[in-house]
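Please keep the sequence and the structure in view while reading.

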Amino acid sequence: MDRNGVTEGELEGRGMNKCVEQVSHLALDIGGSLIKMVYFCGENSGSEHQQGILSSKESCGLSNGNTNCSVLRGKLHFRKFETSKINECLEFMSSKQFHRNGEDCHGASVSEKNIIKATGGGAFKFADLFKEKLGMTLDKVDEMNSLVAGANFLLKAASLEAYTYMDGQKEYVQIDQNDLYPYLLVNIGSGVSMIKVDGDGKFERVSGTSVGGGTFWGLGKLLTKCKSFDELLGLSYSGNNRVIDMLVGDIYGGMDYSKIGLSSTAIASSFGKAVSEDKDLEEYKPEDVARSLLRMISNNIGQIAYLNALRFGLKRIFFGGFFIRGHAYTMDTISVGVNFCCCNAARSSIVREVFIVSHECTSCRSSHYCFS
């Protein structure tokens, strides 16, 4: 949903369906929890060049790596589906006739038609299903290569792609391309990967944690009975984690522990109050449980990221992944977690910049990027 409250479905109803015949690029990231889809719709200018976008190999998703190709005008659109409900993804692709786009690729051989780029474990797990249901062949691309290449592309090609987030305030920052590397890329999916990026194609996965988006969703589903990731995120908006988390003030009679830099509102133990209270799960509000869970996981990720940035002497951290997309409390908690570590470090911290990698167009704030 964008800032104006327009859902993706409404955007499609206002004209996105008209771009079906002009879809020239399609790619999938099939993760353990979610399927992320991106497709490019070219502008319909009526010119022979624009009408012929689908006639090239590259436009069919079969790039030959030539960097001297012509620039396309249009939009990148994003969709997501639960991996456990993969048939919904297949039905969407069928309704958009994505599986027929390859038939219009003049000059492409039979073997090149209906080949789409895909990454993530599901690209291997569900390859036969895509072939059976849509006649599509998944061209499997390495997940970490795709992640780093995508981040570098957006940080260089999309103006004001990254932003800082603190105390509810989002501030977009233009990244100097000459001073981009090195940086720590923290990708929060079902699990979390932390990657030290030194340049185009130069990277190393240096750390990670199994406590990520899948943990939030899995535990949240067990504890609150929510049926979807979005439902659980929405529930956390109205929750109060202080009902469940044990704070420093709860231990020190409402006072700070100023000697070591801990305020009375700092969390001493996530879910700690449940130990001392004679309550069953049903007596806690689901929204409070969801809020506490979200804060626990977000804090943990932020602190581990900070420690790895410190370990490798990196001044800049970029956070990305669907877990944080557009969710104010998650972004704020991660930023607070990193800055808390910086402020309480025994020595001067090298970490200076903490950014969120956006998933929305900076011009229209909806679930697509505009390129012109």
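## A negatively charged loop

In this predicted model, Glu282 is placed in the loop that runs between helix 10 (273-276) and helix 11 (286-312). Its relative accessibility is 67%, so Glu282 counts as exposed, the cut-off for that class being over 50%. Glu282 is also one of the residues of a surface patch of negative charge, in which it gathers with Asp278, Asp280 and Glu283.

## A buried loop position

Ala158 also lies in a loop, here the one between helix 6 (143-157) and strand 6 (162-166). With a relative accessibility of 9%, Ala158 falls under the 20% limit and therefore counts as buried. Along the chain Ala158 and Gln174 are 16 residues apart, and their C-alpha atoms are separated by 9.5 Å.

## Cysteines

Cys89 has a relative accessibility of 0% and so counts as buried; Cys226, at 4%, counts as buried too. A disulfide is a covalent bond between the sulfur atoms of two cysteines. When a disulfide is taken as a pair of cysteine sulfur atoms within 2.5 Å, the count for this model comes to 0 disulfides.

Definitions and conventions:
Residues numbered from 1 in each chain as written. Predicted model: local features only at pLDDT ≥ 70, side-chain atom pairs only at ≥ 80, totals over all residues. Heavy atoms only, no water. Buried < 20%, exposed > 50% of the residue type's maximum accessible area, 1.4 Å probe, protein only. Patch = residues over 30% accessible without salt bridge, like charges linked within 9 Å, V, L, I, M, F, W, Y side chains within 5 Å. Areas by Shrake-Rupley, 256 points an atom, 1.4 Å probe, with all protein chains shown as cover. Salt bridge = Lys/Arg side-chain N within 4 Å of Asp/Glu carboxyl O. Lys, Arg positive; Asp, Glu negative; His and termini not counted. Charge placed at Lys NZ, Arg CZ, Asp CG, Glu CD. Helix = DSSP H or I, 4+ residues; strand = E, 2+ residues; numbered from the N terminus.
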